[in-house]
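This briefing covers the surface, fold and packing of one protein model.

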Amino acid sequence: MASQLQWQCYRFDGFTPLGLYQVLQLRDQVFVVEQRSIYGDIDGTDLDCWHLCGRDGDGELAAYARLIAPDEKYPGAVAIGRVVVAPALRGHGLGRQLMAEAIAQCARLWPGAPMALSAQIAAQELYRQFGFETEGEPYDDGGILHIDMRRPAAAA
């Protein structure tokens with residue numbers, strides 16, 4: 001299943017109306033409904049970042065992340081956020097495939113830049129597999145404990 005995903009990475013104006021709806025629906029389904037985290041998901045950031053979408057052979061959205069330019073969220077680092085896999089497709093390695101693709105796209109868009117993210121405590125081991133290390137102390141974000149993580153700039 002994971003090998004069948006087609007990846008696209010584009011700016012906000014690259015969305016079709018249906019594609020945008022699918023992304024917002026998936027983020028709402030997971031972050032707001034499933035995780036019961038009440039926060040402003042539509043935060044204005046989507047307009048100025050890159051959107052990574054993994055779709056199955058039928059064009060259904062399976063995985064998503066947004067990529068934010070250096071210094072927009074974290075000083076001196078690219079931000080990877082809203083990392084999500086469709087609930088029905090979990091357990092097939094899509095989270096790892098999504099992170100590998102997100103890192104590759106960040107390296108393409110912003111060569112040599114360190115990367116950072118706000119990890120849910122339960123997911124930090126996934127991010128460690130990709131070279132992210134924790135920074136600071138855990139904090140509450142929308143009712144879920146998170147911790148900042150950073151991946152150093154890749155060696156040339």
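The accessible surface of the protein (Shrake-Rupley method, 1.4 Å probe) is about 8,200 Å², and carbon and sulfur atoms account for 53% of that surface. The model is predicted: local features need pLDDT of at least 70 and side-chain atom pairs pLDDT 80 or more, while totals for chains, interfaces and linings use all residues. Residues are numbered from 1 along each chain as its sequence is written, and side-chain values use heavy atoms, without hydrogens and water.

**Fold and dimensions**
- There are three helices and seven strands, taken as DSSP runs (H or I, at least four residues, for helices; E, at least two, for strands) numbered from the N terminus.
- Their order from the N terminus is β-α-β-β-β-α-β-α-β-β.
- The radius of gyration is 15 Å, close to the 15 Å of the globule rule for 156 residues, so the protein is as compact as a globular protein of that length; the radius is taken over C-alpha atoms, and the rule is 2.2 Å times the number of residues to the power 0.38.

**Packing**
- Of the 156 residues, 41% are buried, meaning under 20% relative accessible area with a 1.4 Å probe, protein chains only.
- The largest nonpolar core has 40 residues; such a core is a set of buried Ala, Val, Leu, Ile, Met, Phe, Trp, Tyr and Cys residues joined through side-chain atoms within 4.5 Å.
- Helix H2 (residues 94–109) gives the most to this core, with seven residues.
- Tyr127, among the residues with the most contacts inside the core, is in contact (heavy atoms within 4.5 Å) with Val83, Met99, Leu117, Ala119, Phe132 and Met149, leaving aside neighbours within four places in sequence.

Note on methods:
Buried < 20%, exposed > 50% of the residue type's maximum accessible area, 1.4 Å probe, protein only.
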